[in-house]
Amino acid sequence: MAFPDPTVTARAYLHPRLDAPVFLDEPDSDTYDYREPCVIIKDVGSRVLYQGVFLDAFLHFDVRGVSRETCETLAGRVHDLMNAWDIVDSSVVIQDGKDFPKWSPEADRRVPAYEFSFRAWLRPSTK
């Protein structure tokens, strides 16, 4: 049984629903201005198979923006979308979407940022 990469799956879900780019790693500073709004998804999960059918996915979201206000709006939008993921995709079973975005600016470059984590079980797509 093959399971999709949780970060790639989450990006495919978020990308068409947001006006900001969604990255799977820190964007290259030569091609992307780090002060522009963006979402970075990181896989911090254990990748454990649960009950032989579900892949436990634990994702971390780093949401950046040009100001704290615009960043907060984007982080809220991402948070809402992730908590509605199971409504549009029956292969997703949300386990923990209670972590709300918290203010966590990037200190080195003084980039406004919010972050939160999200846990879900993923199973092979039924689509």
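**Exercise 1. Determine which side chain meets that of E106 in a polar contact, and place E106 in the fold.**

Solution. The side chains of E106 and R64 make a polar contact at 3.2 Å, a polar contact being a pair of N or O atoms within 3.5 Å, of which, within protein, one must be able to donate a hydrogen and the other to accept it, while residues adjacent in sequence count only if both atoms are side-chain atoms. This is a predicted model, in which local features need pLDDT of at least 70 and side-chain atom pairs count only at pLDDT 80 or more, whereas totals for chains, interfaces and linings use all residues. Residues are numbered from 1 along each chain as its sequence is written, and side-chain values use heavy atoms, with hydrogens and water left out. As to its place, E106 belongs to the loop between β6 (102-103) and β7, where strands (E, at least two residues) and helices (H or I, at least four) are DSSP runs numbered from the N terminus. Not counting residues up to four places away in sequence, E106 touches R64, V111 and A113, contact meaning heavy atoms within 4.5 Å.

**Exercise 2. Work out how the buried residues of α2 are arranged around its axis, and what covers them.**

Solution. First, list the buried residues (under 20% relative accessible area, with exposed over 50% and partly exposed in between, for a 1.4 Å probe and protein chains only): in α2 they are C71, L74, A75, V78, H79, L81 and M82. Next, consider their directions: they cover an arc of only 165 degrees around the axis, so they lie on the same side of α2, the arc being that of the directions from the helix axis to the C-beta atoms. On the other side of α2, E69, T73 and D80 are exposed. Finally, the cover over the buried residues of α2 includes α1 (6-14), β2 (38-43), β4 (54-64), α3, β5 (92-96) and β7.

**Exercise 3. Classify the aromatic pair of W85 and F118, and explain what the pair ties together.**

Solution. Rings of Phe, Tyr and Trp (its six-membered ring) pair if their centres lie within 6.5 Å, and planes under 30 degrees apart count as stacked, over 60 as edge-to-face and the rest as tilted. The structure holds six aromatic pairs; that of W85 and F118 is tilted, with 6.4 Å centre to centre and 40 degrees between the planes. Because W85 lies in helix α3 (residues 85-88) and F118 in strand β7 (residues 113-122), the pair ties together parts that are 33 residues apart in sequence. W85 counts as buried at 2% relative accessibility, and F118 likewise counts as buried at 2%.
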